[in-house]
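Let's take a friendly walk through one protein model, step by step. Have the sequence and the 3D view ready as you read.

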Amino acid sequence: KPISFSMVEDSMYRAPRRDRSGTRNTVETETRHFQIPGVVLSPKKRQARRSERRCCTLLGLFRFILLLLPLVYYKEIAGILSLAPQTVISSPSINHDYSSVRSAHDLNSEIVQPKCFKHIIDCPCKDPLVPIKDEFDDWDLTFQQNKEIALSPRAQNARVVFYGDSITEGWRGTQFGKERPRTEGASLVFDSLFSTETGAIFDGVALGLAGDKVRTVFDNSFNRPLQDLQSTVAAANGELPPSLTPSVFWVMIGTNDIGNTFCSPEMVVVGILRVVEEVLSRRPNSQVVLNGLLPRTFNQDGFVAKGGTFKPSIWNEIKTINRELKQYATYRERVSYFDTKVFFVDPVAHESELIIDKTLMGDYLHPTPEGYQLWGREISETLLQIIPDL
């Protein structure tokens, strides 16, 4: 049946107002509206409707406060969440055996899965076998410094050459080619350990560049002369100079791959072995020492097994990589593995209680001069056992 409407007229009175002459006038207005039969609410229903609206308003306010709390107290909430180890999003397994690798041609990154930590949706990790030149400020400055060092008389007499990233560059007291407060004094430590002019047993040079990764090392072909697009090997035109023939190449690289681009341990291992195999093929009379990745953490209290505010713990990944590098070095001629625990407050503590000593690694990644001193002493003692005629 069609709905019938009725026109209803209402009258209302506005409050009396005075006109310009001062007379108070009362104005009556009329309004017309449609009234639908059967929709008139009883007083009880109208009261229930008002209560419902009031309840919805309170519920909405409560929801708004819940949404606002994380924005106001995000640091406190993040601190609470970081109390528990956050390694569950990682995938530290290695699915292939690399102990039988004998050349760069034995490496294949295409078969590696996963390429990033588990649950990383848009994996930023790139193929470690495809070289690339990083673009950032001061890259050219540091690259030129490395070239000059590689061609210096000290480098020609060096018995050990250190290759790596910012940790290696830090030996020179610089980052991106410039002195930083964090690295002040590190160069004096290096010279005391690896310069015959200061009484050391042998000379050494550090060719590192901050931000270096495993894929920013060599030129784009295995068959061309060994070339460097980044920091690891520096010389005229970017080639490894023939005069740079140390007894030992000390290689430590890969922490930026897991800490910055969250590459899976296997991808990092493939890249590191690529570097080692190229060095071995170009310098048949030299040895390579693989320095295991140093401990690092994003946790504000230095716990390696606990994550930071916005990043997970990568300690399991570091251990997985180091275990594979040690396995590889065991079966590879002219390759040795080195690891250190000097940066821990208590090296024999339980895994969950391992803490990096802030006095030895101020930002829980880069050694302080004191950290370089302790680490360097262990390196020097190891080199005395490796380098002949010392």
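## Two strands side by side

Strand β5 (residues 160–164) pairs with strand β9 (residues 248–252) in the parallel sense, over 5 bridges. To find the pairing on screen, look for G164, which stands opposite M252 in β9. Keep in mind that this is a predicted model.

## The sheet around them

Both strands belong to an open sheet of 5 strands with parallel pairing, in the order β8-β5-β9-β10-β11. Its edge strands are β8 (204–208) and β11, each of which pairs on one side only. From one strand to the next, the twist averages 20 degrees.

Helix α6 (residues 186–194) lies across β5 and β8, and runs at about 140 degrees to β8.

## Helix α9 and its cover

Now turn to helix α9, residues 315–331. How far apart should its ends be? At 1.5 Å a residue, its 17 residues should span 24 Å, and the end C-alpha atoms are 25 Å apart, so the two values agree.

Several residues of α9 are buried, among them W315, I318, I321, L325 and Y328. An α-helix has 3.6 residues a turn, so residues three or four places apart point the same way.

## A charged residue inside

Which side chain of opposite charge is nearest to E324? E324 lies in helix α9 and is buried, yet has no salt bridge: the nearest such side chain, R323, is 6.2 Å away. Leaving aside neighbours within four places in sequence, E324 is in contact with I94, H96, Y98 and V269.

Conventions
Residues numbered from 1 in each chain as written. Predicted model: local features only at pLDDT ≥ 70, side-chain atom pairs only at ≥ 80, totals over all residues. Heavy atoms only, no water. Helix = DSSP H or I, 4+ residues; strand = E, 2+ residues; numbered from the N terminus. Expected span 1.5 Å × (residues − 1). Buried < 20%, exposed > 50% of the residue type's maximum accessible area, 1.4 Å probe, protein only. Lys, Arg positive; Asp, Glu negative; His and termini not counted. Salt bridge = Lys/Arg side-chain N within 4 Å of Asp/Glu carboxyl O. Contact = heavy atoms within 4.5 Å. Pairing = 2+ DSSP bridges. Axes fitted to C-alpha atoms, helices over the stretch in contact; angles between N-to-C directions.
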